[in-house]
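Please look through the sequence and the three-dimensional structure shown below. The paragraphs that follow lead through selected features of the fold and its surface.

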Amino acid sequence: MNDDTPESPGTPPAAATATTPASEPPRKEGGWERETIEKLVFATLREQQSARRWKLVFRLFWLALVGALVWWALRQAEGPVPVSKPHTALIEIRGEIAAGAGASADNVLGSLRTAFEDDGAQAIVLLIDSPGGSPVQAGIINDEINRLRAIHQKKVYAVVEETCASAAYYIASAADAIYVDKASLVGSIGVLMDGFGFTGLMDKLGIERRLMVAGQNKGMLDPFSPQDASQKAYIQAMLGEIHAQFIAVVKKGRGDRLKETPDTFTGLVWSGQQAVAMGLADGLGSLDSVARDVVKAEDIVDYTQRENVGLRLARELGVHMGEGAFKAARRAGVEFR
């Protein structure tokens, strides 16, 4: 049988059939553009997620740094470590005596308690340079000095630098002795309440004051209303009562040393030398001389509680960084529950 059988006319050659590539599926138009756009979108999303994560890490790092700063500031604000060696305990009272100020009752009381409780403190010296302030704050400090002194049986001395007036002298009168410089300003044993009245100016400008109150004395001391005689008398009586409290505290503190005159409690101030002559002070002296000659402990340890700058900065930074970290975490999908 002959192998060279003629092929059918419509059949392609075998070699041609073997080498012909398989047919490819038809491509959709625009396929490569879609793939490229998808890759770009996913790459952008990944970059955004990475940026958010790094931003969160960065914010959390700063938050941790602020926390460390707060811890350090709190350690610094704890005050002096109790010292066993005999020394003079110093507490400064400077500037306005008021709530929230450096010479507030909170700060001074904390200093007093730490100083009195330290066995090494032979006596407490109040270094005063203040024009006065709140009678309430001064009264709290005065009462605490008397209470702690009775418990711990330690002497308290006041040393005046420039000024010891009004509420500052209210505090100083609780001391066992007061020492001043001959040129210090001492006294101002009085009470005041000040303000302004604008009724005449309002009349000239044609301004009408419309004040509505429930309670006939609710608008008392309103600067834009005429002064009422009965309300003025009421305020004057209240000031007189507080003044009487002030006088009683001074008399109790100074005792027989006080050489009272008609001017003693009028609100006048005197030089340190005059104050000694009037019995408002006991002698001339400074912090060093009192520690050396009166307390007999020349080493001075400062117990004053001051506002810590680092703590304030850390507190402010903590607020801002905490808000930033929270917002970053929310954007990154992190939730705080």
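Which helix gives the most to the lining of the largest pocket? Helix H7, residues 229–254, does so with 5 residues; helices (H or I, at least four residues) and strands (E, at least two) are DSSP runs, numbered from the N terminus. The model is predicted, so local features need pLDDT of at least 70 and side-chain atom pairs count only at pLDDT 80 or more, while totals for chains, interfaces and linings use all residues. Residues are numbered from 1 along each chain as its sequence is written, and side-chain values use heavy atoms, with hydrogens and water left out.

The largest pocket holds about 530 Å³ of space. Of the 23 residues that line it, Phe196, Met220, Leu221, Asp222 and Gln227 are the closest to its centre. On a 1 Å grid over the protein atoms alone, a pocket is an open set of points where a 1.4 Å probe fits, with protein on both sides within 12 Å along at least five of seven lines, and lining residues have an atom within 4 Å of a point. Grid points are joined across faces, edges and corners, and the volume is the space filled by probe spheres set on the points.

Phenylalanine 196 lies in the loop between strand E5 (185–187) and helix H6 (199–205). Its relative accessibility is 69%, and therefore phenylalanine 196 counts as exposed; the classes are buried under 20% relative accessible area, exposed over 50%, and partly exposed in between, with a 1.4 Å probe and protein chains only. Together with Phe198, Leu201, Leu205, Ile207 and Phe224, Phe196 makes a nonpolar surface patch of about 620 Å². Such a patch is made of residues with over 30% relative accessible area and no salt bridge, nonpolar side chains (Val, Leu, Ile, Met, Phe, Trp, Tyr) being joined within 5 Å. Accessible areas come from the Shrake-Rupley method with a 1.4 Å probe.

Helix H9 (residues 287–295) has the buried residues Leu287, Ser289, Val290, Ala291 and Val295. These pack against strands E1 (87–94), E2 (121–130), E3 (155–165), E4 (177–180) and E8 (300–302), where contact means heavy atoms within 4.5 Å. Lysine 296 has a positive phi of about 65° although it is not a glycine, and with a relative accessible area of 63% it is exposed. Serine 166, in the loop between E3 and helix H5 (167–172), also is not a glycine and has a positive phi of about 55°. Most residues other than glycine have a negative phi.

The structure holds 13 salt bridges, each a side-chain nitrogen of Lys or Arg within 4 Å of a carboxyl oxygen of Asp or Glu. In one of them, glutamate 144 pairs with arginine 113, the closest N and O atoms being 3.1 Å apart. Glutamate 144 lies in helix H4 (residues 135–152) and arginine 113 in helix H3 (residues 105–117), so the pair ties together parts that are 31 residues apart in sequence. Glutamate 144 is buried, at 8%, whereas arginine 113 is partly exposed, at 36%.

Arginine 306 forms a salt bridge with aspartate 302, with closest N and O atoms 2.9 Å apart. Both residues belong to a network of salt bridges that also links Glu92, Arg94, Asp129 and Glu161.

Terms used
Patches are made of residues with over 30% relative accessible area and no salt bridge: like charges are joined within 9 Å, nonpolar side chains (Val, Leu, Ile, Met, Phe, Trp, Tyr) within 5 Å.
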